[in-house]
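Here is a short report on one protein chain. Please look over the sequence and the fold before reading on.

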Amino acid sequence: MSKDSTKRISGRGIELLSLASTIIVWQLVADYIVANKFKLPSFTDVLFAFFKTIETGALFTDLAISLLHFGIGIGSALVIGIPIGVSMGWFKTANRAFDPIIEIIRPIPPLAWIPFAIIWFGLTHISAGFVVFVGAVFPIIINTFDGFKSVPKVYVEAAKVLGCMSSRSLIRHVAFPSALPSIASGIRIAMGVGWMCLVAAEMFGVSSSGLGYKIWWHYYLHQMDFVLVYMLILGFLGLLIDRIFRWYVDGRLLKWREGVVV
């Protein structure tokens with residue numbers, strides 16, 4: 001067995017040991033210290049509740065609904081945020097036009113838009129997606145803007161010498177590839193913020209279904225084991241989305257950066 005394989009197995013062993021230790025401590029604290037299933041359900045309680053949600057099929061429905069809300073919000077943020085960030089970073093006039101508006105709206109918490117989301121779109125999927133969009137669009141705009149402003153001038157000058165003269169060609173072949181790491185970071189941040197906004201939006205009434213909605217619903221029924229089930233699913237699903245994004249971006253789009261930092 002190679003040295004790298006040994007290190008990898010050792011690392012996995014530490015991760016599994018950490019998870020197992022956490023579960024054991026959780027079970028002991030819930031059973032013998034707290035001893036109150038409403039305040040802290042044990043691991044076994046949560047496990048049985050998880051199986052019940054699978055049996056009824058409710059989990060899969062809520063999961064699909066939340067992913068739909070998330071997809072609407074993130075997709076809209078990408079379609080709107082990246083072009084605005086590109087235009088602000090490349091054209092001074094666009095930066096002067098958009099910057100004051102964005103800096104006024106950006107500090108407003110996304111949850112403050114929930115009343116307008118309900119008024120404008122009702123209790124629909126678009127309404128929940130709108131709250132996700134508000135939380136996700138600004139990190140994308142800012143990181144795209146920073147990425148374009150950080151494009152080395154020598155790249156642009158070299159491209160012009162080689163015949164790439166129009167702004168469209170320079171953006172496509174020079175500025176966008178150079179700014180892609182910053183844009184990817186912005187998208188990753190936006191997905192994290194959007195995921196938190198999704199849960200809050202569903203909990204506070206923008207949606208009548210979804211993972212966040214079910215957390216509040218089970219809380220009213222005093223079924224805290226089911227609340228923890230949905231909380232953990234949100235955590236694992238958020239981790240999975242982030243890992244898939246990093247795998248695709250780092251392995252495909254930014255593969256050229258491998259080995260830049262040892």
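## A buried charged pair

Lysine 214 and aspartate 62 are both buried (under 20% relative accessible area; exposed is over 50%, partly exposed in between, with a 1.4 Å probe and protein chains only). The model is predicted: local features need pLDDT of at least 70, side-chain atom pairs count only at pLDDT 80 or more, and totals for chains, interfaces and linings use all residues. Residues are numbered from 1 along each chain as its sequence is written, and side-chain values use heavy atoms, with hydrogens and water left out.

Side chains of opposite charge can pair when their charged atoms come close. Lysine 214 and aspartate 62 join their side chains in a salt bridge, 2.9 Å from N to O (a side-chain nitrogen of Lys or Arg within 4 Å of a carboxyl oxygen of Asp or Glu). This pair links distant parts of the chain: lysine 214 is in helix α9 (residues 211-220) and aspartate 62 in helix α3 (residues 58-90), 152 residues apart. Helices here are DSSP runs of H or I with at least four residues, strands are runs of E with at least two, and both are numbered from the N terminus.

## Other salt bridges

The whole structure holds 5 salt bridges. One joins the side chains of aspartate 45 and lysine 37 at 3.7 Å, N to O. Aspartate 45 is buried, at 16% relative accessible area. Lysine 37 is exposed, at 58%, and lies in the loop between α1 and α2 (43-56).

Another joins aspartate 242 and arginine 246 at 3.8 Å, N to O. The two are 4 residues apart in helix α10 (residues 224-253), so about one helical turn separates them. Aspartate 242 is buried, at 17% relative accessible area. Arginine 246 is partly exposed, at 34%. A network of salt bridges links Arg188, Asp242 and Arg246.

## Aromatic rings

The structure has 16 aromatic pairs (rings of Phe, Tyr and Trp, its six-membered ring, with centres within 6.5 Å; planes under 30 degrees apart are stacked, over 60 edge-to-face, the rest tilted). One is edge-to-face: the rings of tryptophan 113 and phenylalanine 130 have centres 6.2 Å apart and planes at 80°. Tryptophan 113 is in the loop between α4 (92-105) and α5 (114-121), and phenylalanine 130 is in helix α6 (residues 125-149), so the pair ties together parts 17 residues apart in sequence.

Both tryptophan 113 and phenylalanine 130 are buried. They belong to one aromatic cluster, formed by Trp113, Phe116, Trp120, Phe121, Phe130 and Phe133.

## A nonpolar surface patch

Ile24, Leu28, Tyr32, Ile33 and Val34 form a nonpolar patch on the surface, with about 550 Å² of accessible area together. Leucine 28 is in helix α1 (residues 3-34) and is partly exposed, at 44% relative accessibility.

## Spans in the record

UniProt, in an unreviewed entry, places "transmembrane region" at residues 16-35, 67-91, 112-142, 183-206 and 226-245. In the model, residues 183-206 are 88% helix and 0% strand, with end C-alpha atoms 29 Å apart. Residues 226-245 are 100% helix and 0% strand, and their end C-alpha atoms are also 29 Å apart.

Key: Patches are made of residues with over 30% relative accessible area and no salt bridge: like charges are joined within 9 Å, nonpolar side chains (Val, Leu, Ile, Met, Phe, Trp, Tyr) within 5 Å. Accessible areas come from the Shrake-Rupley method with a 1.4 Å probe; for residues, only the protein chains shown count as cover. UniProt positions are given in the numbering used here, feature names are shortened, and annotations may be inferred rather than shown by experiment.
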